[in-house]
Amino acid sequence: MDDATQPNALRIQKSTIAGAAALMMVMILLSRVSGLIRQLVISHLFGVTWQTGAYVSAFNIPDFIYFLISGGALATGFVPVFTEYLTQGREEQARRTFRAMGTALSAVLLVVISLCWVLAYQLVWLTVPGYRAPDRRQELELTVALTRILLPCQFFFVLGSLFAGTLNSLRYFFYPMLQPIIYNLGIISGGVISHILGGGVEGLAWGALGGVFVGAF
C-alpha cells in the first residue's frame, strides 16, 4: 500500500470501528429497555406473589448449568482458538473447531439437562431451603414444574453463545446483540398471552423458552 492510499484506508477502518461501537451502544440500550419492560410487565400482570417467587427460584439450576458450561468452554477455550485460526487464514481449521465444539457442547448439554430434568424435585429441594416446609409444598411443586420448562433453554443459550462468539470473531455484531432483546420479547409475549388466557407464571417460562429458541438461531 502506497502513502497516498494509507490515509483513506485508515479513515475507512476508523469509520468501521466507530460504526460497530455505535451499533453496540444502541443494541445494549435496547436490551436494557426491553429488560426493564419485561420486569414491568411481570410486576403488572402477576404482582409480587409466591408464584413470581417460584418463577425467580426456577432459574437457579438452569442458570448454574449455563455458567458452568458456557462460561468456561466458550470464554477460555473456543473463542480465542477460533479467532487465532481466522487471523492466521486457517479457515478450514476454524470451521472444524466450530463443528467439534458444537457437537461436544450439544452432547454434554443433553446429558446434563436430562439428568437435571429427572432430578428437578431433589435439586430444587436442595437449592431452595425455604421450600422444604410442609406449608410451602405448593411453591416447591410450582418451582419444579417451571425449572423443567426452563432447563431446555440452556441448550439454546449455550449454542446461541457459540454462534454469537463465532459471529463476533467474524465481526458480525448485530445478530449477537439482538439475542437478549428477542429473549426479553419472548418472556413478555408469553406473560401477556398467559394472562389473557387466564393462566399463570408458566406462560413466562414458556415465553423464555420460545424467546431463547428464536434468538439462538
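Glu-139 is buried, at a relative accessible area of 13% (buried means under 20%, exposed over 50% and partly exposed in between, with a 1.4 Å probe and protein chains only). The model is predicted, so local features need pLDDT of at least 70 and side-chain atom pairs count only at pLDDT 80 or more, whereas totals for chains, interfaces and linings use all residues. Residues are numbered from 1 along each chain as its sequence is written, and side-chain values use heavy atoms, with hydrogens and water left out.

The structure holds four salt bridges (a side-chain nitrogen of Lys or Arg within 4 Å of a carboxyl oxygen of Asp or Glu). Glu-139 pairs with Arg-136 at 2.9 Å, N to O; Arg-136 is partly exposed, at 29% relative accessibility. A salt bridge at 3.1 Å, N to O, joins the side chains of Arg-137 and Glu-141. Both of these residues lie in helix α6, four residues apart, about one turn of the helix. Arg-137 is partly exposed at 47%, as is Glu-141 at 41%. Within it, the side chains of Glu-92 and Arg-99 meet at 3.6 Å, N to O.

Helix α6 spans residues 137–150 (helices are DSSP runs of H or I with at least four residues, numbered from the N terminus). From first to last C-alpha its 14 residues reach 20 Å, close to the 20 Å expected at 1.5 Å a residue (1.5 Å times one less than the number of residues). Buried residues of α6 include Leu-140, Leu-142, Val-144, Leu-146 and Ile-149.

The largest pocket has a volume of about 320 Å³. Its lining has 18 residues, and those closest to its centre are Tyr-66, Phe-157, Gly-160, Ser-161 and Gln-179. A pocket is an open set of points on a 1 Å grid over the protein atoms alone, where a 1.4 Å probe fits, with protein on both sides within 12 Å along at least five of seven lines; lining residues have an atom within 4 Å of a point. The volume is the space filled by probe spheres set on the points, which are joined across faces, edges and corners. Helix α7 supplies the largest share of this lining, seven residues.

The second largest pocket holds about 210 Å³ of space. Among its lining residues are Arg-38, Tyr-55, Phe-59 and Tyr-183. Helix α1 gives the most to this lining, with four residues.

Definitions and conventions:
Helix = DSSP H or I, 4+ residues; strand = E, 2+ residues; numbered from the N terminus.
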